[in-house]
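Welcome! Have a look at the sequence and the 3D structure below, and keep them at hand while you read this short tour.

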Amino acid sequence: MTLVPGDLLAQFGSPLYVYDEAELRHRCRAIRDAVPLSDVDVLYAMKANANPALLQIVREEGLGIDAVSLGEVRRALRCGFSADRISFNGNNVGDSEMSAVRKAGVHVTVDSLSQLARFGRLAPGARVAIRINPDIGDGHHDHVITGGPASKFGIEHRRVGEALDVATRAGLVIDGVQHHIGSGVLDAEVFLKAMDVLLSVAARVPDHRFVDFGGGFGVPYAPGDATLDLMGFGARAAELMIAHREATGRDVGFRFEPGRLVVATCGTLYVTVTAVKRHQQQVWVGTDSGFNHLLRPALYGSYHAIENVTSPDGPLETVNVAGNVCEAGDVFARERSLPRCRDGDVLAIRDTGAYGWSMASTYNLRARPAEVLIGEGGPQLIRPREDEEDL
Ligand code: LLP
């Protein structure tokens with residue numbers, strides 16, 4: 001089916017997030033099949049995109065859920081995930097949230113020694129996992145590197161003995177270890193090195209039933225970005241896992257928590273050009289969206305491919321593409337070569353399925369965009385545009 005973005009925007013309004021169901025299913029399957037071993041589970045990190053329609057597809061494809069808040073747990077339960085398919089990995093979580101998650105029947109991973117002790121008071125005798133900082137981190141930007149000495153996350157890997165003592169005193173059983181070293185990682189070697197550290201920590205935890213290696217798999221956003229060889233990584237990860245099962249004599253299960261890799265490429269944010277200014281030194285293409293709808297370029301300097309889908313064949317011009325938020329940093333792209341833009345042209349901002357809508361805000365009191373899913377039956381509205389009443 002050929003879909004004309006202009007028609008979609010005429011029907012659903014501009015700006016608009018559009019997701020491709022076939023691409024989403026393809027990604028779920030590729031990730032699920034990457035590690036050639038039984039009892040390797042994929043938990044979708046729903047913070048990347050928690051639209052219920054997408055969650056249902058992810059569930060149909062057999063993935064579980066990595067949740068970081070009570071809100072995410074509740075959304076996942078409402079979308080049909082059973083409690084035992086959800087893993088809670090919160091950071092600096094308070095007692096009431098932890099206890100509500102536990103009451104919902106969802107397994108908890110704690111990320112500090114004090115949280116472990118508090119969990120023991122809330123749920124004596126329970127099984128709990130611990131988040132480890134393996135002292136290795138990586139990611140596309142400092143803000144998203146979650147392993148290593150500068151990170152607020154996890155229990156230092158050298159302190160696993162203390163965690164075991166705290167758990168014993170609190171009457172808890174540590175049944176799993178987890179880490180997440182960062183986000184947007186494109187180097188498989190870093191993952192494998194950190195996995196090695198986590199497995200050696202796991203070997204010291206006598207009752208562990210699972211090892212969870214977190215998420216963080218990057219996607220190439222810009223021309224020339226590396227691509228993670230998922231199958232190659234999966235084969236080498238499987239070797240580490242088999243060796244761990246053999247060395248410990250335990251029937252350990254393994255988990256990954258990808259977010260970006262599942263949903264990034266299935267999403268496009270369509271925006272409309274609302275001004276073109278040919279200043280003396282720079283050309284500014286203004287649009288009807290901004291960092292209120294797609295924060296990644298402003299927050300991390302992230303690159304997203306942009307196409308002029310109305311006039312793809314026009315003469316190329318070097319431009320800055322900006323939003324309509326009243327801040328100078330509200331820029332989607334600088335010095336991009338685009339076919340000449342005019343007011344009314346539709347631009348496609350690619351690979352925005354992950355951390356796009358989920359990080360959107362109502363800053364400047366502008367509504368968040370609608371979301372549309374393109375499946376076999378054509379476009380389906382999966383979240384209406386907010387209106388002034390919502391604001
Ligand atoms: N597991 C845990 C415990 C996490 O904290 C995260 C992401 C993931 C899994 C999934 O990571 P992924 O596979 O998506 O890289 N807003 C940033 C990304 C922040 C990621 C935070 N944690 C961005 O737009 O790049």
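## The segment after strand 18

Asp-387 sits in the segment that follows strand 18, a strand covering residues 378–383. Please keep in mind that this is a predicted model. With a relative accessible area of 40%, Asp-387 is partly exposed. Which residues make up the negative surface patch here? Asp-387 forms the patch together with Glu-388, Glu-389 and Asp-390.

## Salt bridges

How many salt bridges does a search of the whole structure find? The search finds 21. To follow the examples, remember that a side-chain nitrogen of Lys or Arg must lie within 4 Å of a carboxyl oxygen of Asp or Glu.

Let us begin with Glu-162 and Arg-159, whose side chains meet in a salt bridge with an N to O distance of 2.8 Å. Glu-162 is partly exposed at a relative accessible area of 36%, and Arg-159 is partly exposed too, at 32%.

Now find Glu-317 and Arg-278, whose side chains form a salt bridge at 2.8 Å, N to O. Glu-317 belongs to strand 14 (residues 316–322) and Arg-278 to strand 11 (residues 267–278), so this pair ties together parts that are 39 residues apart in sequence. Glu-317 is buried, with 14% relative accessible area, whereas Arg-278 is partly exposed, with 40%.

Arg-342 and Asp-345 give another example: their closest N and O atoms are 3.6 Å apart. Here Asp-345 is buried, with a relative accessible area of 2%.

## A buried charge without a partner

Next, find Asp-212 in strand 9, which spans residues 210–212. Asp-212 is buried but has no salt bridge. Why does the nearest side chain of opposite charge, Arg-255, not count as a salt-bridge partner? Arg-255 is 4.8 Å away, and a salt bridge needs a separation within 4 Å.

Setting aside neighbours within four places in sequence, the contacts of Asp-212 include Leu-43, Asn-89, Val-177, His-179 and Phe-256. Arg-255 is also among the contacts of Asp-212.

Pro-220 lies in the loop between strand 9 and helix 9, the helix of residues 230–248. Is Pro-220 buried or partly exposed? Pro-220 is partly exposed, at 35% relative accessible area. Its C-alpha atom is 9.9 Å from that of Val-185, a residue 35 places away along the chain. Leaving out neighbours within four places in sequence, Pro-220 is in contact with Leu-186, Asp-225, Ala-226, Thr-227 and Asp-351.

Arg-127 is placed in strand 6 (residues 127–133) and is partly exposed, with 40% relative accessibility. How far apart are the C-alpha atoms of Arg-127 and Tyr-300? They are separated by 37 Å, and the two residues are 173 apart along the chain. Beyond four places in sequence, Arg-127 touches His-107, Phe-119, Val-173, Asp-175 and Arg-209.

Most residues other than glycine have a negative phi, and most peptide bonds are trans. With that in mind, look at the peptide bond from Ser-14 to Pro-15: it is cis, with omega near -5°. Pro-15 is found in the loop between helix 1 (5–12) and strand 1 (16–20).

Asp-135 is not a glycine, but its phi is positive, near 70°. You will find Asp-135 in the loop between strand 6 and strand 7 (155–156), where it is partly exposed at 34% relative accessibility.

Asp-351 also has a positive phi, about 55°, although it is not a glycine. This residue lies in the loop between strand 16 (346–350) and strand 17 (370–375). Asp-351 counts as buried, at 15% relative accessibility, and is one of the residues in contact with Pro-220.

Terms used:
Residues are numbered from 1 along each chain as its sequence is written. This is a predicted model: local features need pLDDT of at least 70, side-chain atom pairs count only at pLDDT 80 or more; totals for chains, interfaces and linings use all residues. Side-chain values use heavy atoms; hydrogens and water are left out. Patches are made of residues with over 30% relative accessible area and no salt bridge: like charges are joined within 9 Å, nonpolar side chains (Val, Leu, Ile, Met, Phe, Trp, Tyr) within 5 Å. Accessible areas come from the Shrake-Rupley method with a 1.4 Å probe; for residues, only the protein chains shown count as cover. Lys and Arg count as positive and Asp and Glu as negative; His and the chain ends are not counted. The place of a charge is taken as NZ of Lys, CZ of Arg, CG of Asp or CD of Glu. Helices (H or I, at least four residues) and strands (E, at least two) are DSSP runs, numbered from the N terminus. Buried means under 20% relative accessible area, exposed over 50%, partly exposed in between (1.4 Å probe, protein chains only). Contact means heavy atoms within 4.5 Å.
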